[in-house]
Amino acid sequence: MAAAADHATPTYDRMKEVKEFDESKIGVKGLAESGIASIPRMFIHSPEALLDLKKPNSQTCTKKTIPLVDLSHFNSPTERHQLVEQVRDATSTWGFFQVINHGIPKPVLDETINAIKAFHDQPHEVKSKLYNRDNDKHGVMYSSNYDLYRAKAASWHDSLTVWMAPEATRAEEEDIPEVCRKEIVAWESHSTKVAESLLELLSEGLGVEAERFKDLGFLEGKLAVGHCYPYCPQPDLTVGFTSHTDSGLTVLLQNQVGGLQVKHGDEWVDVEPIPGAVIVNIGDLIQIISNDNYISVEHRVLSKTSKEPRISVLTFFNVGTIADSDYFGPLPELLSPDKPALYRKFTAQEFQENFYSKGLDSKSFVQKVRL
């Protein structure tokens, strides 16, 4: 009995490991660069989650791809209605689509990716000065896993987050890291123009005024995020980003290292990088406001053994300068006796508290307010 006790496995203290990793401020990139051959236990996902990762897609069938939308006809009086239908179809069946001819110059796209990579490539002692979880660095936050202390298992990515709007939380330009300052400001400006165009198309697709989503405040809350997914020695045991949905409207730019997957029905579909394209997806709030005419779908990022890191840059657009007492729910214009509301009304405060306090792998807000 004594011998057995001597060889007993010590009790695993996950929170201790999480805290030590967080306080080290090295992020997963630091772990990868340290030369580890196996990932820390806090990153290993459950057998059930890993089994879902290993489910084969229907490789014997024609490979599925998310829709591709060409915005070149946005200002065409004769072809705009076809574009509206195309966006409506993409958002009602997939919730995700790639966009070309969006007006963002290719040099801006390339420079944005390179600048975010340059930020993450900086020495630990430089990046660690910005490492925090409480947005106490004047609207700029560098961290690994925003839900690190709430998630069941951590994921293999680091993030630079910059608050761009509303004004009360916006980062001052001089507080954005110099290595990517100019590029983040340019990306935010260009991605906002793309979002504004798409919000018009989404409004028209519902048969309401083109400015309807904009009037709800969907350009008043803006968050720019630059993710880095470095080399992972055991990609079969973890993920780059767990399955989740977004909140409002997301405009995403990725480099040519794949890994993003979208759930379509019961199948996970790879989002293959298209040079010069950006990706757009619908979040929970838009699904609710559209009364299920548009859908917010789960997506995730796989971890990889690629020596070239996956870099993605996103702008999240959400309702910004809203009072805590403001109510949201399906647009009244969409409701009738034949098409009743599918969701109850809720306050902006309830949405913020529920959406941003949950772990990424927990129940979506859509499920919580469905009637």
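## Terms and basis

Helices (H or I, at least four residues) and strands (E, at least two) are DSSP runs, numbered from the N terminus. The model is predicted: local features need pLDDT of at least 70 and side-chain atom pairs count only at pLDDT 80 or more, while totals for chains, interfaces and linings use all residues. Residues are numbered from 1 along each chain as its sequence is written, and side-chain values use heavy atoms, with hydrogens and water left out.

## Salt bridges overall

The whole structure holds 19 salt bridges, each defined as a side-chain nitrogen of Lys or Arg within 4 Å of a carboxyl oxygen of Asp or Glu.

## A pair within helix α2

K16 and E20 form a salt bridge, with their closest N and O atoms 2.8 Å apart. Both residues belong to helix α2 (residues 14-24) and are 4 residues apart, about one turn of the helix. E20 is partly exposed at 45% relative accessibility, and K16 is partly exposed at 48% (buried is under 20% relative accessible area, exposed over 50%, partly exposed in between; 1.4 Å probe, protein chains only).

## Pairs between distant parts of the chain

D22 and R133 meet through their side chains in a salt bridge of 3.0 Å, N to O. This pair links helix α2, which holds D22, to the loop between α7 (124-127) and β3 (140-143), which holds R133, 111 residues apart. D22 is buried at 10% relative accessibility, whereas R133 is partly exposed at 24%.

E272 pairs with K63 in a salt bridge, the closest N and O atoms being 3.2 Å apart. E272 lies in the loop between β9 (267-270) and β10 (278-282), and K63 in the loop between α4 (47-53) and β1 (68-70), 209 residues apart.
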